[in-house]
Amino acid sequence: MKVKQFALLNPQVESPIDNREWGTFKDSLRAPIHNWFTYPAGFSYKAVESSIGIHEILKGATIYDPFMGSGTTNLVAKKLSINSYGVEAHPFVFRITRTKINWEVDRDEVVAALKKIENQVKRRKENFNEYHVTTYLGSEFPELVLKCYEPKTLLDLFFIRNSIISGNYSQGVKDIFFVGLTSILRQVSTAATGWPYIAPKKQKTTSLNKIAFVEFARQINKMVSDIEVTVDEADKNFRKSSHKIFNADSRYTQDLIPTASVDHVFTSPPYLNNFDYADRTRLELYFWGEAKTWGDISEKIRTKLITSATTQISRNDPKYELSKGLQESCPDVYDFLRRATAQLGEARLIHGGKKSYDHLVSGYFNDMFLIISEVYRVLKNNTVAVFVLGDSAPYGVHIPTDDLIGKIGLGAGFSDYKINVLRARGEKWKENPQRHDVKLRESIVTLVKA
Ligand SMILES: C[S@@+](CC[C@H](N)C(=O)[O-])C[C@H]1O[C@@H](n2cnc3c(N)ncnc32)[C@H](O)[C@@H]1O
């Protein structure tokens, strides 16, 4: 489909740099602690290390990630004895990070508690009448969870879960078990748990003979030894560094992070690609009993995140009109978005799905304006904020997110910005005739505070 594209004035794009995987989680999947939870929205720990090197951020300085996710920035900082702040709005993802940056858990307590859980699970299984297993589990879990497991595996997972919840352990040890059990949930599932959504109809036969407790114990032992390896490799002063992380909304950090207290920001916001972060954790939230329905997930998670998916939008809500703040501080961005969203509003009426991309785009940039203004406030002078992000082309209308974020930065007070292109995106869809032919990219946007 060909759609008329609007051009922004003077996009400041520099030549590509040779680090294609920085915006992906691939490197982190091979690194101890980083790989405790597979977060496809996460970036490479090497990107953080590199930015710290390039911008000469030294021990004792402070780095901030307003979209902390699974804590990649904070973990790297801790290893290098750099202080950190992190804000993450998704409560489940926040708990993952809290666990990953706590290297002070008591190894002996973990080992003793694991033995206790093993005994409890054994006892519960001995006293359980297998005949009723399906009815029993059916009253505990939503349909989606039931479809993802063989009953005997789900029963084991359920007994382990209950032992963890009812056990009288320290918070650090409970967190380790919480992340350990979470990280095997997809491994032991017989559903081909595709990313980003679950497709329980296909069967993954490699999981058929896995015993949940064996996988769980293996994972807990790996986590304990990952901490030991990381502590050994870390800068010897890492214990003196401080890491303040908040389960909060980075649009509003006035009470959390002091003005002019941060030396570097390294972050990756949700991309404008209609990815639903709440849905990514649906299996996990249902399993832990933290949500039971789509409505629960909306209330507990979707409403707390910045606008980045059409599933968050209610068309009558005025917050999806471009804001006054954005109009006053960034008039060129406002003009561009006004035209682009009008075009998306028209496109919506002729497409079957009638997706609210018009409101998605307005809501996204309203929110990014608030966050970039907060980032500007907390940074010291002579520093930079680095954003790893991707652009998008909903209904074929190109939204050059990198350039818009750069210009919003100028409106928020930054003196300059530059863009480095990391790689082309959307290649895997290119054979799809329904797909637009706009070339997409992943970029690094660096905002300079003079
Ligand atoms: C691209 S991910 C960042 C991943 C991270 N770099 C990592 O390596 O794990 C963006 C994150 O922003 C979070 N988020 C969305 N809205 C937020 C808000 N208002 N405040 C703080 N975090 C938010 C999402 O839940 C998601 O985890």
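Which residues of H15 are buried?

**View A. Buried positions of helix H15 in the predicted model.** The buried residues of H15 are Val-333, Tyr-334, Phe-336, Leu-337, Ala-340, Thr-341, Gln-343, Leu-344, Gly-345, Ala-347 and Arg-348. They pack against helix H14 (324-329), helix H16 (357-378) and helix H17 (401-412).

**View B. Surroundings of Ile-160 in the largest nonpolar core.** This core holds 69 residues, and Ile-160 is among those with the most contacts inside it, as are Ile-117, Tyr-149, Leu-157, Phe-177, Leu-181 and Phe-216. Leaving aside residues up to four places away in sequence, Ile-160 touches Ile-117, Val-121, Leu-181, Ala-212, Phe-213 and Phe-216. A second, separate core of 68 residues includes Val-76, Leu-322, Leu-326 and Val-386.

**View C. The aromatic pair Phe-141 and Phe-287.** The model contains 21 aromatic pairs. In this one, the ring centres are 5.8 Å apart and the planes lie at 5 degrees; planes under 30 degrees apart count as stacked, so the pair is stacked. Phe-141 belongs to the loop between helix H6 (133-138) and helix H7 (143-148), whereas Phe-287 is in helix H12 (residues 282-287), 146 residues apart. Phe-141 is buried, with a relative accessible area of 4%, and Phe-287 is buried at 1%.

**View D. Charged side chains over aromatic rings.** Lys-78 lies over the face of Trp-103, 4.6 Å from the ring centre. Arg-95 lies over the face of Phe-178, at 3.9 Å from the ring centre.

Key
Residues numbered from 1 in each chain as written. Predicted model: local features only at pLDDT ≥ 70, side-chain atom pairs only at ≥ 80, totals over all residues. Heavy atoms only, no water. Core = buried A, V, L, I, M, F, W, Y, C linked by side-chain atoms within 4.5 Å. Buried < 20%, exposed > 50% of the residue type's maximum accessible area, 1.4 Å probe, protein only. Contact = heavy atoms within 4.5 Å. Helix = DSSP H or I, 4+ residues; strand = E, 2+ residues; numbered from the N terminus. Phe/Tyr/Trp six-rings, centres within 6.5 Å; stacked < 30°, edge-to-face > 60°. Lys NZ or Arg CZ within 6 Å of the ring centre and 35° of its normal.
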